[in-house]
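This report describes a predicted model. Please read it with the sequence and the structure at hand.

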Amino acid sequence: MEKKLKGLIQELETKLASIETVNDLNLLKAEYLGKKSVFNDLMKQLKDVSNEEKPRFGKLINEAKQEIAAKLDSARAELERKLVASKLKSEAIDVTLPGKSVNTGSKHLISQVIEEVEDIFIGLGYTVKEGPEVESDKYNFEMLNLPKDHPARDMQDSLYISEETLLRTHTSPVQVRSLLENSNQEPMKIICPGKVYRKDDDDQTHSHQFTQVEALVVDEKANLADLKGTLLFVAQKLFGEEREIRLRPSYFPFTEPSVEVDVSCYKCGGVGCSMCGNTGWIEILGAGMVNNNVLRDAGYDPNRFQGFALGMGVERIAILKHGVDDIRAFYTNDLRFNKQFRGK
Ligand code: DAH
């Protein structure tokens, strides 16, 4: 009996040496001290032992049980200690390590300038309209007073998709779409930002794709003085409150009269410098009074309605405002370029 008990304890020790989890330990505990443990058999065997020997064996069994319980307890304590240690190790935070840098994106300069222009016009009560980039010849040209054989079509080299469809060469077709949509012929004040396309070879000042913002006002009394007031307001918001503007006569088929708009040079204040080619003025956009043919074709009676329109190149505004010297920089996505205009 003594041997058997020693053997049991040794056996437990070897098993304890290889357990890894609390679950393993619980299984061992059940095996050695549970209801169906080896001790039950030993207790049964006690009845075959002589009466003088009984107390001694009983004592031995109890001692062995206590020893086993103590070993299991200390193994449990050891396991728990190890568990805590490994958890501490795996969850350790080195507060001296440099943090991970978070790369946040920012808006492209073109988007920023579009939003700036939108904000100015929205403040004046305009709403923002958009139109498709793949446009019909009818809206891009014909209904803007540019019939098929009109020589002024050459002003805009076009990228045709089919005979009647092209990539819009300007945002002016959104004027036509908006007027037609407005079948009750109500007054309107809209701006239309968006991408436009020309059959141009890309170089420092040309891009086959660029961005425009169109503005259109139609009501019963909009006149050239209103256009001029609007242009002055917009130019001052974009280039500084001290700016002045001047209108030069020009030609666009969809406006009559048409003007080219210059802003006084924001670098030299109008005295003349390299920025403005010593003229004191910088051209910023085209504008004019909506041509009667455009109004009539879109269902607006030119005897009752009149309006003005303007179209500006967003890249041009961005180039002027931020001193960008190559239009291609907007489209080559060099992060060193883009990052210069973060959060502006
Ligand atoms: N659509 C013209 C262009 O792309 C720009 C323009 C000029 C728009 C005069 C207008 C305008 O609305 O009145 O060259």
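## Gln-156 in its loop

In this predicted model, Gln-156 sits in the loop that runs between helix H6 (137-140) and strand E3 (159-160). Buried means under 20% relative accessible area, and Gln-156, with a relative accessibility of 12%, therefore counts as buried. When neighbours within four places in sequence are left aside, the residues in contact with Gln-156 are Phe-141, Thr-169, His-170 and Arg-198.

## The largest pocket

Two or more lining residues are given by each of strand E6 (209-219), strand E8 (255-264), strand E9 (281-290), strand E10 (306-313) and helix H10 (314-322).

Strand E9 supplies the largest share of the lining, with six residues. Sorted by class, the lining of the largest pocket holds 17 nonpolar, 14 polar and ten charged residues.

## The nonpolar cores

The largest nonpolar core has 45 residues, and the members that touch the most others are Phe-121, Ile-284, Leu-310 and Met-312. Helix H5 (109-123), helix H8 (224-239) and helix H10 each give two or more residues to this core, as do strands E6, E8, E9 and E10; the largest share, seven residues, comes from H5. Apart from this core lies another, of 24 residues, which includes Leu-179, Phe-252, Phe-254 and Ala-309.

Residues up to four places away in sequence not being counted, Met-312 touches Val-117, Phe-121, Thr-211, Gln-212, Val-213, Val-234, Ile-284, Leu-285 and Ile-317.

## The open sheet

Seven strands, in the order E1-E5-E6-E10-E9-E8-E7, make up an open sheet with mixed pairing. Strand E1 (127-128) and strand E7 (245-252) are at the edges, and each has a single partner strand, so that one side of each is left without a neighbour in the sheet.

The pairing of E7 with E8 is antiparallel and extends over seven bridges, and Arg-248 is placed opposite Glu-260 in E8.

Terms used: Residues numbered from 1 in each chain as written. Predicted model: local features only at pLDDT ≥ 70, side-chain atom pairs only at ≥ 80, totals over all residues. Heavy atoms only, no water. Helix = DSSP H or I, 4+ residues; strand = E, 2+ residues; numbered from the N terminus. Nonpolar A, V, L, I, M, F, W, Y, C, P; charged D, E, K, R; others polar. Core = buried A, V, L, I, M, F, W, Y, C linked by side-chain atoms within 4.5 Å. Buried < 20%, exposed > 50% of the residue type's maximum accessible area, 1.4 Å probe, protein only. Contact = heavy atoms within 4.5 Å. Pairing = 2+ DSSP bridges.
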